[in-house]
Amino acid sequence: MIDYKEKLLSLLLGQDLVTAVEAQLCQISPDFQEIRARYLAAAEELRHEPGGREAAERYLSAVSRRSAACLCFAGALGLRMNYEHFQTPLAPNCTWEQVESEDYLGTRQVYNLPACRAARAEMDAFQEKLSPGGQTLFDTVTEYWTALEVYGMKVAHYRGYLLGDQLLYACVPGYCPDPVLTMRYTRMFEKNWAR
């Protein structure tokens with residue numbers, strides 16, 4: 001029998017989520033495409049650092065786990081925003097001009113998640129052992145995960161909100177989506193990525 005709990009957790013907290021957000025960011029942001037290309041090259045070079053391939057793989061895995069935790073958190077907040085809007089339609093949400101992205105994305109709280117803290121500790125320990133050349137590679141990887149988290153959390157929040165239209169309909173009695181809010185959020189999201 002398939003263990004659906006493990007599969008669901010893998011989708012929500014694993015590389016699949018990171019890959020999905022990366023793919024969308026590559027479609028909407030030429031800058032992210034370039035950052036990701038530099039990251040992939042740096043990741044390959046890090047595998048040849050004196051610390052060894054195994055240490056580099058653990059580091060890159062920590063980067064992925066941290067990013068996945070941030071993306072899952074933002075997606076859950078998007079889903080929650082949808083639900084809270086259903087409960088209290090006049091409450092402020094991310095489409096209000098006075099609501100800052102740090103507030104609706106929870107960037108002050110996300111880095112205190114146990115998964116983020118543990119991954120960051122692994123990342124810092126790896127950095128301490130790098131050669132000067134390896135430090136430059138580390139900086140390139142840092143640019144990648146910073147961009148993935150900053151831009152990716154916006155994508156994840158938006159996707160979590162949209163998921164709410166389907167998921168909440170199936171599990172919250174009386175739920176109905178708000179097409180006006182969805183349209184406003186979609187316009188705001190697209191405006192942020194306009195070229």
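In the predicted model, the number of disulfides is zero. A disulfide requires two cysteine sulfur atoms within 2.5 Å. The cysteine sulfur closest to that of Cys70 belongs to Cys116 and lies 3.7 Å away, which is too far for a bond. Cys72 is likewise in no disulfide; the nearest cysteine sulfur, that of Cys70, is 10 Å from the sulfur of Cys72. The surroundings of these two residues were also examined. Cys70 has a relative accessible area of 0% and is therefore buried. Cys72 has a relative accessibility of 21% and counts as partly exposed, because the class of buried residues is limited to values under 20%.

Cys72 also takes part in a contact between helices, on the side of helix 4. The axes of helix 2 (residues 15-28) and helix 4 (residues 53-87) come within 8 Å and cross at roughly 75°. The two helices are therefore roughly perpendicular to each other. Helix 2 contributes Gln15, Leu17, Val18 and Val21 to this contact, while helix 4 contributes Ser64, Ser67, Ala68, Leu71 and Cys72. Of the residues in the contact of helix 2 with helix 4, six are nonpolar, three are polar and none is charged.

Helix 4 also packs against helix 8 (residues 132-171). Here the axes are 6 Å apart, and the angle is about 30°. Angles under 35 degrees count as roughly parallel, so helix 4 and helix 8 fall into that class. The crossing of helix 4 with helix 8 is right-handed. The residues of this contact comprise 20 nonpolar, eight polar and three charged.

Conventions: Residues are numbered from 1 along each chain as its sequence is written. This is a predicted model: local features need pLDDT of at least 70, side-chain atom pairs count only at pLDDT 80 or more; totals for chains, interfaces and linings use all residues. Side-chain values use heavy atoms; hydrogens and water are left out. Axes are lines fitted to C-alpha atoms, for helices over the stretch in contact, and angles run from 0 to 180 degrees between N-to-C directions. Helices (H or I, at least four residues) and strands (E, at least two) are DSSP runs, numbered from the N terminus. Angles under 35 degrees count as roughly parallel, over 145 as roughly antiparallel, 65 to 115 as roughly perpendicular and the rest as oblique. Contact means heavy atoms within 4.5 Å. Ala, Val, Leu, Ile, Met, Phe, Trp, Tyr, Cys and Pro count as nonpolar, Asp, Glu, Lys and Arg as charged, and the others, Gly among them, as polar. Buried means under 20% relative accessible area, exposed over 50%, partly exposed in between (1.4 Å probe, protein chains only). A crossing is left-handed if the near helix is turned anticlockwise from the far one by less than a right angle, and right-handed if clockwise.
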